[in-house]
Amino acid sequence: MGGDPPGPVRPRLGVSDPRDLLTDWLAGGPEPDRATRKAAVKESLAELARRAPGHSVEVRVPPFGAVQCIEGPRHTRGTPPNVVEADPRTWLALVLGVTTWADAVAGGSVRASGGRAPEVGTFLPLRDS
């Protein structure tokens, strides 16, 4: 009864192991339904905000969600000075450790602007704590 070994955060989506659906998709398998992708993105963004509280970087994963994280000055109007943006597939690949921050940024699938934006990469992948 030792439980699962530490690994990527498991989104709680009401299925036995949604991580398998996501991992299969990221490896080239069938795309999970929109509700599964949306829930995984929203829950992983919420977990990032919990682990890196603050308001100095905005992380966007359109069309499913955005959060502010990383300690520092709060941004309230206009375009934030520190923004990370990724599509859902790339974001989940980062969350689950299928790809690295450096590879995603170098490949252009993550857009990170501002001096604080790269700090988001230090929290990825999201591992069980």
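Which residue in β3 stands opposite E58? That turns out to be V83, and the rest of the sheet can be laid out around this pair. The model is a predicted one, where local features need pLDDT of at least 70, side-chain atom pairs count only at pLDDT 80 or more, and totals for chains, interfaces and linings use all residues. Numbering starts from 1 along each chain as its sequence is written, and side-chain values use heavy atoms, with hydrogens and water left out.

The sheet is open, with 4 strands in the order β2-β1-β3-β4 and mixed pairing. Strands (E, at least two residues) and helices (H or I, at least four) are DSSP runs numbered from the N terminus, and two strands pair if DSSP finds at least two bridges between them. At the edges sit β2 (65–69) and β4 (110–113), each pairing on one side only. On average, neighbouring strands here are turned by 10° against each other, direction ignored; axes are lines fitted to C-alpha atoms, for helices over the stretch in contact, and angles run from 0 to 180 degrees between N-to-C directions.

Now for the pairings themselves. Strand β1 (residues 57–61) joins β2 in the antiparallel sense over 5 bridges, with E58 opposite Q68 of β2. Helix α2 (residues 34–51) packs on the sheet and touches β1 and β2, contact being heavy atoms within 4.5 Å. The direction of α2 makes about 5° with that of β2.

With β3 (residues 83–86), β1 pairs in the parallel sense over 3 bridges. Then β3 and β4 run antiparallel, paired over 4 bridges, and R111 in β4 is the bridge partner of E85.
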